[in-house]
Amino acid sequence: MSPTRFTGKVALVTGAARGQGRAHALALAAEGADLILCDIGAGEAGTIGTLPYALGSEEGLAETAGQVRALGRDALTCTADVRDSGQVDGAVAAGLERFGQIDVLLANAGIASISRIEDMPDAMWREMIDINLTGVFNSLRAVAPHMAGRGYGRIVATSSIVGRQGSPNIGHYVAAKWGVIGLVKSLAIELADRGVTVNAVAPTSVDTEMIQNEGFWRLFLPDAEQIREQDVRDAYTALNPIPIPWLQAADVSHSVLFLASDEAKFITGEVLPVALGWNARNAS
Ligand SMILES: NC(=O)c1ccc[n+]([C@@H]2O[C@H](COP(=O)([O-])OP(=O)(O)OC[C@H]3O[C@@H](n4cnc5c(N)ncnc54)[C@H](O)[C@@H]3O)[C@@H](O)[C@H]2O)c1
């Protein structure tokens, strides 16, 4: 693998303050890319009232930028809520002003919350669809004219293994992640003759704050008084033919970078699972 696959390339990553977004940004920087790093920022985080965990912070975003710069690459940080198309368009405009081009978009920002559908409040449904589906739409639409106009682009959206099946307790998340795949496949066709590929990555559980919180752990141990990460390791492991509980964020980065690279120039409208064998018993 060339250490310079992304030399001369500029990548925009949403949800870059931590977790998978940070890991992907650092992997791209290590292979030569400059970065536009977006996240919601501390002021907005409190408005996501339906989550069992806190979102990324401006300090986290600055930390990601510092780590990119330590790898010798340039980083521009943008506080942008992907629900707001004006803020997303603004981040793209700022990136283009700084770097003159955007070659790669990773539409990675997302949330997860828990409720059975029959009990789900309107706010929980709306926040999920606004961020995990409309946020991806806003991000894809914001870069599409620029990439199509240049005749070059690589877009990778983050779906999930539950983007192609049903799952209890997270029906709103499942619906949004199926939606992401529909968006990706449709835009892939629209941009296929203009040098832009559009794909999705579909991870199983990843060791980030999104799932490493008591709200999610309680799905496995609903009656426990206190739960720690080690208490749920066995339950997570039992889900996977490859017997580990969860991926590390960097494990997903390898697949994301492949889809974002020129090696994948003839792959578009596809979904790449990184799933510890989760799909091995299924048709898809
Ligand atoms: N962790 C998992 O098990 C898992 C599995 C499959 C897919 N995913 C998906 O991977 C992606 C990354 O999640 P993660 O695991 O790194 O979780 P994470 O919570 O660590 O990171 C998500 C980032 O997105 C940001 N974000 C959330 N809402 C935003 C908004 N409205 N505008 C801008 N930024 C926003 C957060 O602040 C955070 O920094 C998400 O789309 C998630 O649904 C996660």
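## Around the ligand

Which of the 30 residues around the ligand come nearest? They are Gly 15, Gly 19, Gly 56, Gly 110 and Thr 208. Keep in mind as you explore that this is a predicted model.

Two elements give two or more residues to the shell around the ligand: helix H1, residues 19–30, and helix H5, residues 122–150. Helix H1 gives the most, with 3 residues. If you sort the shell by class, you will find 12 nonpolar, 13 polar and 5 charged residues.

## The chain as a whole

Now step back and look at the whole protein chain. There are 9 helices and 7 strands to find in it. The radius of gyration is 18 Å, close to the 19 Å that the globule rule gives for 284 residues, so the chain is as compact as a globular protein of that length. Taken along the principal axes, the C-alpha atoms fill a box of roughly 55 × 45 × 35 Å.

How much of the chain counts as buried? The share is 46% of the 284 residues. The contacts tell you about the fold too. Among contacts in the protein chain with a separation of 6 or more, 72% are between residues 24 or more positions apart.

Where the domains are in contact, domain 1 supplies 9 residues and domain 2 supplies 8 residues. On the domain 1 side, the touching residues are 3 nonpolar, 4 polar and 2 charged.

In soluble globular proteins, nonpolar side chains tend to be buried together. Here, the largest nonpolar core has 82 residues, and Leu 35 and Leu 37 touch the most other members. Helix H6, residues 171–191, gives the most to this core, with 9 residues. Why does the core lie between the two domains? Domain 1 and domain 2 both give residues to it, so it lies between them.

Leaving aside residues up to four places away in sequence, Leu 35 touches Ala 11, Val 13, Ala 25, Leu 28, Ala 29, Val 68, Arg 73 and Ala 75.

Definitions and conventions:
Residues numbered from 1 in each chain as written. Predicted model: local features only at pLDDT ≥ 70, side-chain atom pairs only at ≥ 80, totals over all residues. Contact = placed C-beta atoms within 7 Å. Nonpolar A, V, L, I, M, F, W, Y, C, P; charged D, E, K, R; others polar. Near = placed C-beta within 6 Å. Helix = DSSP H or I, 4+ residues; strand = E, 2+ residues; numbered from the N terminus. Core = buried A, V, L, I, M, F, W, Y, C linked by C-beta atoms within 7 Å. Buried ≥ 20, exposed ≤ 12 C-beta atoms within 10 Å, placed from the backbone. Domains from an automatic or database assignment. Rg over C-alpha atoms; globule rule 2.2 N^0.38 Å.
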